[in-house]
Amino acid sequence: MILGILGSAAKDSVTREILLRAGERVDRANGGFELIDLAVEFPKPHALEDYDAPPPGSQTALLRARVARADGAVLATPVYHGSYSALLKNALDHLTGDALAGRPVGLIAAGGGPRGAGTACDQLRTVVRALSGWAAPTHVATTAADLTPGEPLDFLDRRLDVLVGELLSFGTSSASFPVLR
Ligand SMILES: Cc1cc2nc3c(=O)[nH]c(=O)nc-3n(C[C@H](O)[C@H](O)[C@H](O)COP(=O)(O)O)c2cc1C
């Protein structure tokens with residue numbers, strides 16, 4: 001199962017639409033896709049006192065359990081001031097440093113302008129590395145204009161095909177992966 005983690009709280013979120021397009025591809029390949037809408041399911045700020053031993057039922061425990069069940073993840077963020085969203089960072093701050101060990105992670109960012117989305121993906125790469133995950137080489141850095149039917153949308157879809165292909169072809173079992181703690 002691939003877990004899509006949505007870092008936008010916007011009502012008509014462009015990021016959500018693009019993440020769901022990735023999810024459709026995962027489903028079509030029988031990979032199984034689950035969405036976490038952080039603004040709805042995990043909106044509370046990270047509680048530092050929960051970090052070492054999260055109380056059962058706490059947001060930290062619930063989020064960690066969802067991530068632990070996944071075979072891989074897609075992190076999807078709007079671009080805010082040249083970076084990824086605080087909502088997504090807050091969620092990632094709930095996780096331990098081995099949370100994504102041995103698993104592939106796809107990156108999607110949606111910006112309002114032509115610059116910034118690639119930077120947000122690159123910044124997320126460093127966070128994925130800190131969580132011991134394997135960021136897929138192809139990210140999807142995009143804008144709302146890419147959802148225009150025709151050549152822009154076709155090219156967006158082709159990039160999503162490649163991103164999901166990379167995720168699903170990552171065949172190593174996390175159980176056999178060495179992790180330096
Ligand atoms: C606080 C804030 C800061 C933003 N900063 C940038 C930016 O630096 N670069 C950019 O391209 N777009 C920026 N935008 C525009 C959003 O990235 C754009 O509207 C995006 O589509 C939002 O995604 P969403 O619809 O999924 O929330 C910003 C938007 C907000 C609200």
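Helices (H or I, at least four residues) and strands (E, at least two) are DSSP runs, numbered from the N terminus. The expected span of a helix is 1.5 Å times one less than its number of residues. The model is predicted, so local features need pLDDT of at least 70 and side-chain atom pairs count only at pLDDT 80 or more, while totals for chains, interfaces and linings use all residues. Residue numbers start from 1 along each chain as its sequence is written.

Helix α5 (residues 117-130) contains 14 residues and reaches 20 Å from its first C-alpha to its last, close to the 20 Å expected at 1.5 Å a residue. Its buried residues (20 or more other C-beta atoms within 10 Å of the residue's own, with C-beta atoms placed from the backbone; exposed, 12 or fewer; partly exposed, in between) are Ala 117, Ala 120, Cys 121, Leu 124, Val 127 and Val 128. They cover an arc (of the directions from the helix axis to the C-beta atoms) of only 115 degrees, which puts them on the same side of α5. The cover over these residues, by contacts (C-beta atoms, placed from the backbone, within 7 Å), includes β3, α4 (86-93), β4, β5 (134-135) and β6. Just after α5, Ser 132 takes a positive phi of about 70 degrees.

Helix α6 (residues 151-168) has 18 residues and spans 26 Å from first to last C-alpha, close to the 26 Å expected at 1.5 Å a residue. Leu 160, Leu 163, Val 164 and Leu 167 are the buried residues of α6. Seen down the axis, they fall within an arc of 95 degrees, so they line one face of the helix. The face turned away from this buried side carries the exposed residues Glu 151, Asp 154, Phe 155 and Arg 158. The buried residues of α6 pack against β1 (2-6), α1 (14-28), β3 (72-78), β4 (104-111) and β6 (140-143).

Strand β1 is largely enclosed by the rest of the structure, because five of its five residues are buried. Ile 2, Gly 4 and Leu 6 point one way from β1, and Leu 3 and Ile 5 point the other way. In a regular strand the side chains alternate between the two faces of the sheet. β1 pairs (at least two DSSP bridges between the strands) in the parallel sense with β2 (residues 33-37), over five bridges. Ile 36 in β2 is the bridge partner of Ile 5.

Key: Two residues are in contact if their C-beta atoms, placed from the backbone, lie within 7 Å.
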